[in-house]
Amino acid sequence: MKTNALNLLLTIGLAAAAWADDVARPIPGSAEEVQPLAIGAPAPAVTLQTAAGEAFDLGAAVRRQPAMLIFYRGGWCPYCNVHLGQLQEAEAEIRALGYQVLAISPDRPEKLAESAGKLQPDYTLLSDHAMAAALGFGIAFRVDDATLETYKGYGIDLEAASGETHHLLPVPAVFIVGTDGWIRFAYANPDYKVRLSPEELLAAAKDALTNGEEAP
């Protein structure tokens with residue numbers, strides 16, 4: 001019980017820090033305005049949640065094993081679901097190279113569990129419902145009111161999906177992070193319809209290994 005309470009406090013603290021950063025640094029109002037972290041930058045250490053609602057220390061996980069991080073908009077996004085399905089075509093080879101594959105979205109843990117039931121992935125789905133990771137990696141943007149209403153017309157409720165009222169989404173992105181915490185590969189595209197193919201993901205994973213594990 002004490003561990004769960006500490007994890008909850010840590011998650012709340014990270015969310016508060018993210019919002020404090022929001023005040024200091026305005027969040028982009030469109031996907032085109034984001035400024036993702038680049039190759040050679042240190043990856044932010046944040047705590048996410050698993051589909052079971054357990055705390056997941058991203059920094060500690062990366063120190064144990066290099067990671068490919070797949071940021072997606074949510075289980076409600078058909079383009080994301082297609083991409084996550086395609087990811088399974090290359091995942092075995094990516095993992096054979098020594099990577100862990102982590103798929104991160106604003107979906108709250110309960111929504112992740114629904115996605116896991118549909119996709120049956122071998123990779124790990126993680127909740128960034130407070131958007132601490134997306135903010136830290138520089139890919140978060142605020143959805144405008146008109147777009148929110150358009151989404152609702154399609155039955156998409158961002159607040160219900162995340163359990164939050166921030167109205168933030170990540171630009172779909174891929175980062176590869178070494179065990180030293182440095183970003184070895186970075187890709188983000190404001191056009192959510194454009195994603196890296198399984199072949200491109202595998203090639204990026206191989207190329208990142210040749211960059212070595214030492215800080216730039």
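Okay, a definition before anything else: when I say buried, I mean under 20% relative accessible area, with exposed being over 50% and partly exposed in between, using a 1.4 Å probe and protein chains only. What we have here is a predicted model, where local features need pLDDT of at least 70, side-chain atom pairs count only at pLDDT 80 or more, and totals for chains, interfaces and linings use all residues. Residues are numbered from 1 along each chain as its sequence is written, and side-chain values use heavy atoms, with hydrogens and water left out.

Let's start with the cysteines. C77 is buried, at a relative accessible area of 0%, and C80 is buried as well, at 0%.

Strands here are DSSP E runs of at least two residues, helices are H or I runs of at least four, and both are numbered from the N terminus. Two strands pair if DSSP finds at least two bridges between them. With that, we get an open sheet of 7 strands, mixed in pairing, in the order β2-β1-β5-β4-β3-β8-β9. At the edges are β2 (55-57) and β9 (183-188), each pairing on one side only. On average, neighbouring strands are turned by 30 degrees against each other, direction ignored. Zooming in, β1 (residues 47-50) and β5 (residues 124-127) pair antiparallel over 2 bridges, and Q49 stands opposite S127 in β5.

On to the helices. Axes are lines fitted to C-alpha atoms, for helices over the stretch in contact, and angles run from 0 to 180 degrees between N-to-C directions; contact means heavy atoms within 4.5 Å. Helix α3 (residues 78-96) lies across β3 (67-71) and β4 (100-105), at about 155 degrees to β4. Helix α4 (residues 109-119) lies across β1, β4 and β5, running at about 155 degrees to β5.

One residue I'd like to show you is Q100, in strand β4. Q100 counts as buried, at 14% relative accessibility. Its side chain reaches the backbone oxygen of Q65 at 2.8 Å. Leaving out residues up to four places away in sequence, Q100 touches several residues, including F56, V62, P66 and M68.

Last stop, α6 (residues 145-153): just after this helix, G155 takes a positive phi of about 80 degrees.

How values were computed: Polar contact = N/O pair within 3.5 Å; in protein donor to acceptor, adjacent residues only side chain to side chain.
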